[in-house]
Each structure stands twice: as C-alpha cells, then as structure tokens.
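Here is a short report on one protein model. Look over the sequence and the structure first, then read on.

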Amino acid sequence: MKNISSYFKLCLVLVCLLFVACSDDNSIQNFPGGTSAQLLPVKISGEKNGGQKVFVYDYYNRLISCSYFSKLDKNLSKISELKIQYDALGRVDKATQESSEGESYTYTITYEGSHIVVQDKYYTRYIDIDTQGRVLKMKQYYANNRDASIEYNYQYDQKGNLIKNDFNNNYYSYTYDVHNGIYSSVNTPQWFLVTMLDATLIYNNYTQIQVSFLDENGKEQTPTTFKITHTYNENGYPVKYHVPNMTFCGTPPLPESDFRVEYQEAKVMGVYF
C-alpha cells in the first residue's frame with residue numbers, strides 16, 4: 001500500500017479507522033488492576049467499510065505487525081500488513097509493507113542525533129524529533145524530488161498530547177480528556193506511530209477536533225469543530241467511540257460511525273503486568 005496521500009494526511013487522525021468493520025460483541029472488555037492496568041490495542045473495528053485493523057506485539061510491548069482486513073462477500077480478507085523490526089537500542093530499524101496483491105517494499109531508516117530519514121521506493125521523509133522521541137517536523141518528498149514536498153509541523157501539551165499540527169495551509173487543533181489513550185502502553189517510538197501509522201492517541205484521547213485552512217488568497221477560513229465521544233472500560237481505556245460526519249477543506253466526507261477497540265494486557269519481559 002503506497003504512502004498516505006495529501007487527502008488522507010488531511011484526515012490523519014481518522015482515516016485508518018474508516019477502514020475497519022463492525023463487531024457483534026457489545027460487551028465491555030475489563031481487565032484486573034483497575035486504572036493501573038496497562039493495555040495494548042489488538043483490534044479496532046467499526047460499522048463502516050467492512051474490515052478490521054489488527055496489531056501484534058513482541059515481549060517488550062513493541063508493535064511488530066499492523067494488518068488491515070476488508071470484508072469482501074461477507075468474508076474478511078487481508079489487504080496489507082506492515083512488519084516492524086527494532087535494533088539493539090530499541091529504535092525502529094526497518095519496516096516492510098506487504099500487500100495482498102504481492103507488492104512488497106521496505107522502509108529504510110537512518111538516524112543522526114535528533115534527525116531521522118525514512119526512505120521507500122515512493123517517498124523520502126526527513127523527520128525531526130525532540131528528546132522524548134516525539135516528532136516535531138516532517139518534510140516529505142515524492143521520489144526525493146525536493147520541488148514536490150509537503151511539510152508537517154507538530155505541537156504538544158505538557159503531557160505529550162498532540163494539540164496542534166498543520167500541513168499545506170491546513171490546521172488542526174485537538175482537545176483531550178484525562179483517560180488512557182488507546183496507544184498509551186505501546187512501546188514503539190512516538191514518531192513512528194504518528195508519521196507512519198497515524199496513531200496519535202498516545203497519552204489521552206481527543207474529544208474535539210477543530211479544523212481550519214487558508215484559501216487561495218491566504219485568508220483563514222472559519223474553523224469547523226467536530227466532537228468525538230467515548231465509552232470507557234473499568235481500566236480507563238476507550239472501548240467504543242463515536243465519530244460524527246466530517247466534511248472539511250473541500251475533501252470528500254468522512255461518514256459518521258461507531259468504533260470498537262479490543263485489548264490485551266501489556267507484558268514486561270514476557271510477564272503480564
């Protein structure tokens with residue numbers, strides 16, 4: 001599957017979720033430990049588009065596989081899988097994307113201090129991170145053509161929540177609750193989760209998205225606000241959430257939908273918390 005286009009980046013916090021399908025199990029999944037429990041998402045499913053997004057982890061709670069399934073003729077079929085490898089320092093060493101059509105390509109990753117370069121056969125990304133491994137800026141070039149680039153900028157609150165990001169004169173602001181984020185216990189570097197998987201709910205969960213953009217004359221348009229509602233389990237993790245119909249910045253609408261998140265307990269050196 002090729003890298004996310006500008007439109008899909010425009011919808012970066014939601015697009016991967018519109019790829020998923022409904023579950024018939026309406027029960028709420030609870031784990032021992034109350035709000036001290038540390039959970040890893042293993043499946044995200046929703047009502048639209050008939051599929052699932054499935055995660056697999058190693059014994060260090062690091063994501064090693066992310067697969068996308070689509071429902072065709074009432075059967076789930078794998079569309080693609082992203083496999084992730086780590087080096088001895090716990091950094092993402094490389095990732096491989098495999099599609100059901102037989103296409104496969106590798107993301108090669110190089111590090112130089114706070115600068116990271118990610119390359120595949122379609123794109124080159126230059127990423128700047130802070131001392132906690134959070135992405136601050138990303139410049140993306142198609143086929144390393146510096147005349148065809150997109151620049152992304154990211155801002156955070158004191159907890160580490162992504163509160164603002166922008167690209168190509170499109171601006172996003174986020175408001176959060178105080179509950180555990182879906183990916184809060186995932187031990188994969190934040191920059192990779194955000195830039196490669198659009199997994200932004202790492203500390204808490206956003207309850208509101210405000211979107212604005214500049215028109216062709218450079219004038220900022222009236223912001224549009226969208227509310228996201230959640231249902232939490234006894235551990236303080238979202239197990240259901242509702243996304244409203246979202247239409248903005250001249251893009252096709254993202255349909256209203258409800259989603260379900262399933263978890264497993266996180267581990268330490270192969271031992272459950």
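The accessible surface of the protein comes to about 13,300 Å². Carbon and sulfur atoms account for 47% of that surface. Keep in mind that this is a predicted model.

The protein has 273 residues, and 50% of them are buried. It contains two helices and 19 strands. Take the contacts between residues at least 6 apart in sequence: 47% of them join residues at least 24 apart.

Strand β8 (residues 123–129) runs antiparallel to strand β9 (residues 135–142), and seven bridges join the two. One of the pairs is Y123 with its bridge partner Y142 in β9. Five residues lie between β8 and β9, which form a hairpin. In that turn, G133 has a positive phi of about 80°.

β9 also pairs with strand β10 (residues 145–156), again in the antiparallel sense, over six bridges. Here Q140 stands opposite I150 in β10.

N61 is a residue other than glycine, and D198 is not a glycine either.

| Residue | Phi | Loop between | Relative accessibility |
|---|---|---|---|
| D198 | about 55° | α2 (190–197) and β13 (206–213) | 4% |

Note on methods: Residues are numbered from 1 along each chain as its sequence is written. This is a predicted model: local features need pLDDT of at least 70, side-chain atom pairs count only at pLDDT 80 or more; totals for chains, interfaces and linings use all residues. Side-chain values use heavy atoms; hydrogens and water are left out. Buried means under 20% relative accessible area, exposed over 50%, partly exposed in between (1.4 Å probe, protein chains only). Contact means heavy atoms within 4.5 Å. Accessible areas come from the Shrake-Rupley method with a 1.4 Å probe; for residues, only the protein chains shown count as cover. Two strands pair if DSSP finds at least two bridges between them.
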